[in-house]
Amino acid sequence: MMTQLHGAPGRRGFLQSVIGVSGLLAQRPGQPQARAGNPATPNILLIMADQMAPMLTGAYGHPVVRTPNLNRLVRRGVRFDAAYSPNPVCAPARACLMTGRYSSRIGVHDNAAPLRSDEPTMAHYLTNAGYDTAWSGKMHFVGPDQHHGLKRRLSRDIYFADFTWAKSRDKKIPGQHARNYVASGIHVGRQDDRRDDAGDRHGNLALDEEAHQKAIQYLEARSGKPEEPFFLGVSYNYPHEPFWPSKELWDLYEGQPVDIPEFPANLERTYSAMDRWLNRHHGADKHDVKDPANLKVLHRAYYALVTYADRKVGELLNALERTGADKNTIVLFTSDHGDMLGHKGMVQKRSFYEWSARVPLILTMPDGQWAGRTVNEPVSLIDVMPTLLELAKIDASSALPMDGTSLTGLAAGTKAAGRAAFSESHSEGMHATCFMVRKGDFKYTHIHGHQPQLFDLSADPGEWNNLADNPEYRQVERQLRELILKEFDPARIERELRDSIARRELIKPAMKRNGQDWDFQPDPVS
């Protein structure tokens with residue numbers, strides 16, 4: 001038996017997608033063709049949680065994890081059930097979301113790579129269209145430009161903005177992330193009291209609370225300026241580790257069943273080269289992240305922190321309703337990537353397995369358009385920017401080329417199946433350029449110079465049965481590999497990555513000697 005993929009469509013740019021779908025929208029009776037400054041121009045609220053696996057939310061069907069506010073968004077909007085991070089690590093994923101371009105295109109390969117100031121972001125376009133653009137919470141911009149088109153940032157960031165985290169391509173130093181995934185690293189009811197060099201608290205909870213309050217204040221202040229649409233991004237660190245839930249949230253799951261992963265007897269033999277590299281990088285090969293007792297504590301703590309993030313979403317939605325802005329505000333909820341949470345004996349992110357690479361993506365329109373719909377086609381965070389620009393009614397002729405494609409056609413049911421979603425992950429513990437493509441039910445991982453992986457997610461949702469080199473799936477494997485190599489040049493990306501790391505490793509000690517950094521200080525609110 002030969003299993004085949006249907007013909008892959010050519011990659012369409014933003015201009016084509018906006019012209020086509022905008023034309024459909026323009027034909028709806030009574031639909032105003034507004035521009036910025038017109039009351040019909042929608043506000044945009046973009047909410048992000050960090051490292052949130054969609055499978056562990058009630059909004060995506062989990063029977064235990066309580067997310068009533070994400071559930072509310074799903075009822076009011078469209079849920080994308082196969083949304084992926086274009087690079088499952090913080091800074092690259094966020095740069096991709098803001099620019100609509102792949103991380104290797106813009107050179108943001110890892111958590112210490114700068115986003116160039118001449119790279120247009122959605123904030124630049126929205127600013128030029130008359131939006132007041134603001135961000136509260138984590139962004140993880142690296143480099144001297146800490147705004148990238150935003151008029152203001154309302155709160156502190158959590159990670160280094162300079163090249164502190166730049167890592168050698170060849171001399172990999174094992175990390176200790178896995179310490180946060182065993183019971184001794186999980187703290188219930190204790191304030192995360194990590195502090196920076198100045199003695200200021202910089203734990204997840206402190207910064208999330210600060211970001212949240214600043215966002216609420218911003219929404220309340222905007223209620224008196226209906227003539228000027230706003231774009232507000234609100235980004236929370238939780239449920240990113242370290243996992244320090246409050247006792248109240250921990251107690252919420254007292255006596256509730258807790259899912260934990262199971263492992264086959266041949267677990268080690270299922271690992272790809274990429275898996276082994278990441279387990280060393282994360283320290284999962286030095287800590288027992290597969291112990292059932294640890295896994296129960298870990299998942300219960302994660303449940304609690306997902307509910308924490310959900311409550312913040314609810315308070316933002318309530319603020320919109322309280323100020324009347326809900327009647328004209330698009331709300332989009334997502335995350336930068338997921339978390340392996342011990343599945344496959346792995347932790348954190350950076351891999352292409354569903355637990356790491358998939359993200360929640362929920363789009364809600366103020367008029368209830370697309371309410372209750374689900375989309376099963378693979379999509380990506382790079383599609384967020386062209387989607388929001390189209391919904392903001394920004395003239396397509398002003399847009400430069402980007403890799404993402406607007407999602408409105410899929411949301412409306414007017415676009416045919418056949419999309420492919422790509423992801424890439426090259427540094428942060430990896431020894432080779434690595435790529436993933438999801439098309440239909442199949443996911444293919446290309447680890448340059450090493451054995452690939454091919455999974456049929458419909459038959460094997462746990463991604464245990466590698467079909468690469470299986471004669472029955474040879475054509476599928478060939479087609480997916482060709483999709484990746486048409487989109488990306490592994491050898492060129494390797495050269496560019498090495499050049500980038502060499503430059504940063506030279507600059508990093510010079511900045512330290514000169515006492516310089518690019519750490520962000522919040523802007524005043526006017």
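Residues are numbered from 1 along each chain as its sequence is written, and side-chain values use heavy atoms, with hydrogens and water left out. Because the model is predicted, local features need pLDDT of at least 70 and side-chain atom pairs count only at pLDDT 80 or more, whereas totals for chains, interfaces and linings use all residues.

The chain contains 15 helices and 15 strands; helices (H or I, at least four residues) and strands (E, at least two) are DSSP runs numbered from the N terminus. Of the 526 residues, 59% are buried, where buried means under 20% relative accessible area, exposed over 50%, and partly exposed in between (1.4 Å probe, protein chains only). With contact defined as heavy atoms within 4.5 Å, 75% of the contacts between residues at least 6 apart in sequence join residues at least 24 apart. The structure has zero disulfides, a disulfide being a pair of cysteine sulfur atoms within 2.5 Å. Cys 96 is buried at 0% relative accessibility, and Cys 434 is buried with a relative accessible area of 0%.

A nonpolar core is a set of buried Ala, Val, Leu, Ile, Met, Phe, Trp, Tyr and Cys residues joined through side-chain atoms within 4.5 Å. The largest such core has 78 residues, and Leu 232, Phe 243, Leu 316 and Phe 333 have the most contacts inside it. Helix α10 (residues 292-323) gives the most to this core, contributing 15 residues. Beyond its neighbours within four places in sequence, Phe 243 has contacts that include Tyr 181, Ile 186, Leu 298, Leu 305 and Leu 341. A second, separate core of 46 residues includes Leu 115, Val 379, Met 385 and Leu 410.

Helix α15 (residues 490-514) comprises 25 residues and reaches 36 Å from its first C-alpha to its last, close to the 36 Å expected at 1.5 Å a residue; the expected span is 1.5 Å times one less than the number of residues. Buried residues of α15 include Ile 493, Leu 497, Ile 501 and Arg 504. Among the elements covering the buried residues of α15 are β13 (434-439), β14 (442-447) and α14 (474-487). Gly 515 follows α15 and has a positive phi, near 70 degrees.

In β14, six of six residues are buried. Phe 442, Tyr 444 and His 446 point one way from the strand, and Lys 443, Thr 445 and Ile 447 point the other way. Two strands pair if DSSP finds at least two bridges between them. β13 and β14 run antiparallel and are joined by six bridges, with Phe 435 having His 446 in β14 as its bridge partner. The hairpin of β13 and β14 has two residues between the strands, and Gly 440 takes a positive phi near 60 degrees. β14 also pairs in the antiparallel sense with β15 (residues 453-456), over four bridges, and Tyr 444 stands opposite Leu 454 in β15. Five residues lie between β14 and β15 in their hairpin, where Gly 449 in the turn has a positive phi of about 85 degrees.
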